[in-house]
Amino acid sequence: MSQQGPLIVVASREHRPSTTPLFGLNILPVIDIGWAEAPKAVAELHPTAVLVAATEGAGAAFERLADQVAAIRPYVPLIVVDPANPCPDNALPYSSSNGGFDRLGARLKAALRVRTLHATVLRRLASNPAGPVRQPDNDPLQDATVLLIGRGAAYPALSVVFGERLGVIGALSIEAAAKHLNVRSVDGLIIGEGFTPRVVDALLTVLAEDTRFRNLPVVVTTGGLAATYDLPNLEVTSGEPAHIASTFLPLVRQHAFEARLCRILKSLDAGGLLDPRTGLLTVDAFHRELNTAINQTRSHGGRLSVARFSLDQKQERPVFDAARILSRLMRRMDFGTLENDGSIIVAFVDVDPRNAHMIARRLSSVMKHTAHSNKRALRIDPHVALTVCQPDDSARSVLARLNDEAHRAAS
C-alpha cells in the first residue's frame, strides 16, 4: 500500500514505550516525537497516520492534537493505545492486551484503506467540481447502525446507551443476528452476555472467514476468549455500558464513514444519478427513469407497477435507514427514490400486479422488523400503496394516482 507520509508516534519522554515492534510492521516509516513537538510535526510532515502510544503527560495537548488531525484531508487515522480516559470522537482506541503490536498492524492497515478510499473520493470530486454529487458534512455516526446481541442483565443498558447516539438492532440469539447481518448493512456488532465462550468463538470465526464482515467493528463485553481472530477492529472490553460505548463508537464512526464513501463512489460511477445517502436514484433521475419505463412499456408491451412506502416519520435517521434497506433488497431491474416528504417510491419492472403487491409487502415487512427509530415508541410501520401503469398513463398521472391511493391507505 503506497502512502505519502510517515506514521507519527506521540508520547511523553517519561512514558514513551518501546516502538521497536512498529518498525517491524513495514507499513510506514515511523517517527517518534514528544507532545511538545507534535503540532509542528503533524503540520510539516503530513503524516499518513498518527499513533498516540501513551496519553500520560498529554493534558490538553491530546485534545488539540485530535482536532488538528481531524481537520486534515484526506482522512488521517488517529490510534490511541490503552487510553485511560474517554477519547475524542476521531480517536480509535486500541487495547494492547488483546494481541500486542501484531493486531495493531492489522488495525492500522484497515484504517489506511479508509484513508485511500477517502483520497479516491476527493480526487474524483475535484475532477468535476460542478458535478451533482456532494459529500455530506454531517457526522457519519448519524447514519450508523449497530447490531446488539445478548441476553444478560446488561443488554437493556447497552441498548439505551448506544440508542442515544445511533440506530440499534437488537437480537436475542445468534440465529436472529445472522439474519440481520445478511439483510442489513451494519456498522458494528456488540456481543453481550448470555453466550458461552464456545458460541462466541464460533461466531467470531465465521465473521473472520467472511470477507463482508472482516473489517466490521466488533466488541465482546465478556472474557474467556483464548483464540486470536483475523478481525482487525475487534475489541474485548468490559465495564459500564458508557465505557463500552466510548471505546467502541470511534470504530463504528470510521466504518460508517467508509460506507458513506462507498455510496459516494457508486453515485459518481452512476454520473450523479444515485443519492449517496440512500443508494437510490435522486428524485429527478427517478422521474426521468419512470417516464422512460412508461414509454417503453407502452411501445413494447410489458407491465409496470409503482409502490409508495409511507413511513410517517419526521426523523431523518429511520427514513434514510429504510431507504438504504430498500436499495439493498430491490431487484436489479427495479428502481426507486426517497421523496422530499420522506416517502419511498419504487417501480417494479415487468411484473404482474399480484406479484408486485407480494414484493411490496415483503419489502414492507423487512423494513418494519429491521428499521428502527432512535426512540423506542416510534416503530417503523410503512403504509404501502400500489398502482399499475395503464396504456394512457404518464409519470405525472401514475404518481398522482399513487398519492391518492396512499392517502386512502393511510386513512
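Visitor: Is Asp230 buried, partly exposed or exposed?

Guide: Buried means under 20% relative accessible area, exposed over 50%, and partly exposed in between, with a 1.4 Å probe and protein chains only. Asp230 has 48% relative accessibility, so Asp230 counts as partly exposed. Please keep in mind that this is a predicted model, where local features need pLDDT of at least 70, side-chain atom pairs count only at pLDDT 80 or more, and totals for chains, interfaces and linings use all residues. Residues are numbered from 1 along each chain as its sequence is written, and side-chain values use heavy atoms, with hydrogens and water left out.

Visitor: Which residue forms a salt bridge with Asp230?

Guide: A salt bridge is a side-chain nitrogen of Lys or Arg within 4 Å of a carboxyl oxygen of Asp or Glu. Here the partner of Asp230 is Arg214, with 3.9 Å between the closest N and O atoms. Arg214 sits in the loop between helix H7 (197-209) and strand E9 (218-220), while Asp230 is in the loop between E9 and E10, 16 residues apart. Helices (H or I, at least four residues) and strands (E, at least two) are DSSP runs, numbered from the N terminus. Arg214 is partly exposed, at 27%.

Visitor: How many salt bridges does the structure hold?

Guide: There are 13 salt bridges. One of them joins the side chains of Arg107 and Glu235, at 2.7 Å from N to O. Arg107 belongs to helix H4 (residues 100-127) and Glu235 to strand E10 (residues 234-236), so this pair ties together parts 128 residues apart in sequence. Both Arg107 and Glu235 are buried.

Visitor: What about Arg401 and Asp393: how do their side chains meet?

Guide: They meet in a salt bridge (2.7 Å, N to O). Arg401 is partly exposed, at 25%, whereas Asp393 is buried, at 4%. Elsewhere, salt bridges with shared partners join Asp143, Arg260, Arg277 and Glu316 into one network.

Visitor: How many disulfides are there?

Guide: A disulfide is a pair of cysteine sulfur atoms within 2.5 Å. By this rule the count is zero. As for individual cysteines, Cys262 is partly exposed at 34%, and Cys389 is buried at 15%.

Visitor: Where is Thr48 found?

Guide: Thr48 is in the loop between helix H2 (38-45) and strand E3 (49-52). Its relative accessibility is 0%, so Thr48 counts as buried. A polar atom of the Thr48 side chain lies 2.9 Å from the backbone nitrogen of Gly5.

Methods. A polar contact is a pair of N or O atoms within 3.5 Å; within protein, one must be able to donate a hydrogen and the other to accept it, and residues adjacent in sequence count only if both atoms are side-chain atoms.
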